[in-house]
Structures are given as C-alpha cells and as structure tokens.
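Colleague: I should like to understand how the words used for a structure follow from the values behind them. Could we go through this one step by step?

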Amino acid sequence: MKLTRLLLAVLTCGLMLAGCATDKAPASTTFDFGPATPGAAATTEPFGAVVVTDVTGTAALDNERMYYRLAYADPLQARTYAHSRWSASPLQMVTQRLKARIAQSGAKVLTATDASSGVAILRTEIDDFTHSFDSQASSQGSLVLRASLFQGHKLIDQKTFTRKTTATSADAAGGARALAASTDAVAADIIAWLATLPQPKQ
C-alpha cells in the first residue's frame with residue numbers, strides 16, 4: 001500500500017511539472033523596419049537642405065505595441081498582438097526612416113539646432129498606422145501621413161500621403177513587413193513632392 005501511494009505521488013508530481021512546462025508563455029517577438037537599403041536612384045534634383053522634425057501622432061503610436069484592426073468585424077476596435085512588439089514606437093521608427101530616405105535622395109537632413117533660420121522645416125503627422133484585415137485571409141499595412149513644409153512660420157505647402165501594402169501573411173510578421181513597405185513608399189512620395197516645391201531662399 002505504501003509503495004502504491006509513493007508511486008501515485010511521484011506520478012502526480014510529474015504531471016504537475018509537465019503542466020507547468022506546457023503553460024509557459026510564448027516568447028515575445030520584436031519587429032522593426034529592417035535596414036534602410038538604398039533604393040532606386042533619384043530621377044529629380046534633391047530638395048537641398050531641410051529640417052526634418054520628429055513625426056507626431058496619437059498617444060497609441062507613442063509606445064511599442066503592435067496594433068491590428070478587424071475591419072470586417074469591428075472596425076472601431078483597435079487590438080494588439082499579445083506576444084509581438086515594435087523595437088521602438090512607430091513615431092520614432094517612421095521619423096528615422098523618413099530621415100534616412102530623404103538623406104539617401106541627396107538632400108541634407110538637419111536638426112532645428114543645426115540649421116540656419118532660412119532652412120525649410122518638414123513637419124509630419126501620422127493619421128493612421130495599422131495592420132488592417134479586410135477578411136480573415138486578406139490584410140494590409142496602412143499608413144496615412146500629413147506633411148507640411150514651412151519656411152519660418154510661413155506654410156509653403158501641405159499634402160496628405162496614403163499608402164496601403166498587402167500583407168504576405170495574416171500575422172504580426174506580415175503586418176510589420178507591410179507597414180515597413182508602406183513607410184518606404186510614403187517616404188518616396190514625400191521626396192518626389194519636395195522636389196516639385198520651390199527651394200526656400202537661404
């Protein structure tokens with residue numbers, strides 16, 4: 001009887017340990033936009049020198065959470081991936097990617113403290129940065145960004161840029177790739193837009 005009780009206790013303990021092992025939370029995965037590899041050569045003259053300020057947006061974009069939206073079920077609810085995060089806030093990542101792409105185009109990217117008073121200032125604000133599902137199998141990375149170019153306190157021009165890139169998979173990894181592609185596309189659109197504007201007088 002004692003031997004039976006001992007074997008039962010050992011078996012119970014083993015099952016409890018196995019249960020603890022299977023209940024372990026999945027490892028968290030961190031995403032970013034990847035390296036800003038040089039794109040195609042610019043077909044227009046670079047804008048010159050420009051101050052690129054930090055991108056602004058809602059408080060939801062000022063943290064590392066990865067949001068998605070089931071537009072086909074409840075378009076008003078923003079959900080977060082439980083075990084996936086950005087390496088930095090979307091505001092920080094879009095700021096750095098914009099600066100990198102504008103610099104790659106041949107323009108001189110300056111900070112407000114480095115520039116003279118005559119240098120144009122590019123201000124940008126994100127209206128949408130979401131992995132949005134049209135159906136369970138179809139989704140896209142959507143970026144809507146409003147750009148304003150100033151010289152001093154004078155508005156030179158303002159334009160809203162929208163890019164939607166189809167995600168290759170219906171998960172956080174697919175959303176990250178799609179949003180990175182949309183960000184690069186918007187950066188290219190901004191560079192082309194800047195090239196059409198008159199160069200501010202220094």
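Modeller: Gladly, and please keep in mind that this is a predicted model.

Colleague: Why do neighbouring residues of a strand end up on two sides?

Modeller: In a regular strand the side chains alternate between the two faces of the sheet.

Colleague: What makes E2 a paired strand, and which strands does it pair with?

Modeller: Two strands count as paired if there are at least two bridges between them. E2 is joined to strand E5 (residues 108-110) by three bridges, with the two strands running parallel, and E2 also pairs with E6 in the parallel sense over three bridges. Valine 51 stands opposite leucine 110 in E5 and opposite isoleucine 121 in E6.

Colleague: Why is threonine 124 called buried?

Modeller: The word buried requires a relative accessible area under 20%, and threonine 124 has 4%, so threonine 124 is buried. Threonine 124 lies in strand E6, and, not counting residues up to four places away in sequence, threonine 124 touches Thr53, Asp54, Val55, Thr56, Leu98, Leu145, Arg146 and Ala147.

Colleague: How do you know that the span of H2 agrees with what a helix of its number of residues should have?

Modeller: The expected span is 1.5 Å times one less than the number of residues. For the 15 residues of H2 this gives 21 Å, and the end C-alpha atoms are 21 Å apart, so the two values agree. Among the buried residues of H2 are Leu91, Val94, Leu98 and Ile102, and just after H2 glycine 106 takes a positive phi of about 110°.

Colleague: What makes a group of residues a nonpolar core, and which members touch the most others in the largest one here?

Modeller: The largest nonpolar core has 41 residues, of which Trp86, Leu122, Ile126, Phe129, Leu149, Ile190 and Trp193 touch the most other members. Among the elements that each supply at least two residues of this core are strand E4 (78-86), helix H2 (90-104) and helix H3 (172-196), and the largest share, 11 residues, comes from H3. A second, separate core of five residues includes Ala49, Val119, Ile121 and Phe150.

Notes
Residues numbered from 1 in each chain as written. Predicted model: local features only at pLDDT ≥ 70, side-chain atom pairs only at ≥ 80, totals over all residues. Heavy atoms only, no water. Core = buried A, V, L, I, M, F, W, Y, C linked by side-chain atoms within 4.5 Å. Buried < 20%, exposed > 50% of the residue type's maximum accessible area, 1.4 Å probe, protein only. Helix = DSSP H or I, 4+ residues; strand = E, 2+ residues; numbered from the N terminus. Contact = heavy atoms within 4.5 Å.
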